[in-house]
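Reader: I have a new model on my screen. Can you walk me through it, one question at a time?

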Amino acid sequence: MTFELDDLLALEREGWDALCGSTGGAFYGDLMSADAVMILVNGMVLDRDAVAASLGGAPPWDRYELSDARSIPIGAESAALVYRARAERDGEVPFDALMTSVYTRDEDRIRLALYQQTTIPR
């Protein structure tokens, strides 16, 4: 079974919507596989529990935009989604980064196995 670009983008948008609605901790706690990690632009590597805890208290984003998305098949049960994101909070410098989300099938469900951010220099 293949991973369609539109399906992966829909998952990413659900995640960003959760971050805008201050429910990112619960969303990613549910979406991430048991051994998943997020690698953030500041060099932190967080496991699922740390992601859920840190996003639970994070200030919400006011808006975001995703662009230049593409899906890269990794195998029959995995794919990477690569895209550019711009997120803003009023009164703060916008966050611009390249993102990679690796999704895998876990039984009958798609799970996030790895997420990595790379800052786009200004």
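Author: First, a term. Strands are DSSP runs of E with at least two residues, numbered from the N terminus. Note too that this is a predicted model.

Reader: In which strand is the place of Arg 111?

Author: Strands are numbered from the N terminus. The run at residues 109-119 is β6. Arg 111 has its place in strand β6.

Reader: Is Arg 111 buried or exposed?

Author: The cut-off for buried is under 20% relative accessible area. Arg 111 has 17% relative accessibility, so it counts as buried.

Reader: What is the order of the elements from the N terminus on?

Author: The secondary structure comes to three helices and six strands. From the N terminus on, the elements run α-α-β-β-α-β-β-β-β.

Reader: Where is Asp 68 found, and is it buried or exposed?

Author: Asp 68 is not a glycine, yet its phi is positive, about 55°. Asp 68 is found in strand β3, residues 63-75. Exposed means over 50% relative accessible area. At 63% relative accessibility, Asp 68 therefore counts as exposed.

Reader: Where does Glu 107 lie, and what is its relative accessible area?

Author: Glu 107 also is no glycine, and its phi is positive at about 60°. Glu 107 lies in the loop between β5 (95-106) and β6 (109-119). Glu 107 is exposed, with a relative accessible area of 72%.

Reader: What radius of gyration does the protein have?

Author: The C-alpha trace spans about 45 × 30 × 25 Å along its principal axes. With 122 residues, a compact globule would come near 14 Å. The protein agrees, with a radius of gyration of 14 Å.

Reader: What share of the 122 residues is buried?

Author: Contacts give some context. Of those with a separation of 6 or more, 50% join residues 24 or more positions apart. The accessible surface comes to about 6700 Å², with 53% belonging to carbon and sulfur atoms. Buried residues make up 36%.

Reader: How far apart do the centres of the positive and negative side chains lie?

Author: The protein has 11 positive and 21 negative side chains. The centres of the two sets lie apart by 5 Å.

Definitions and conventions:
Residues numbered from 1 in each chain as written. Predicted model: local features only at pLDDT ≥ 70, side-chain atom pairs only at ≥ 80, totals over all residues. Heavy atoms only, no water. Helix = DSSP H or I, 4+ residues; strand = E, 2+ residues; numbered from the N terminus. Buried < 20%, exposed > 50% of the residue type's maximum accessible area, 1.4 Å probe, protein only. Rg over C-alpha atoms; globule rule 2.2 N^0.38 Å. Contact = heavy atoms within 4.5 Å. Areas by Shrake-Rupley, 256 points an atom, 1.4 Å probe, with all protein chains shown as cover. Lys, Arg positive; Asp, Glu negative; His and termini not counted. Charge placed at Lys NZ, Arg CZ, Asp CG, Glu CD.
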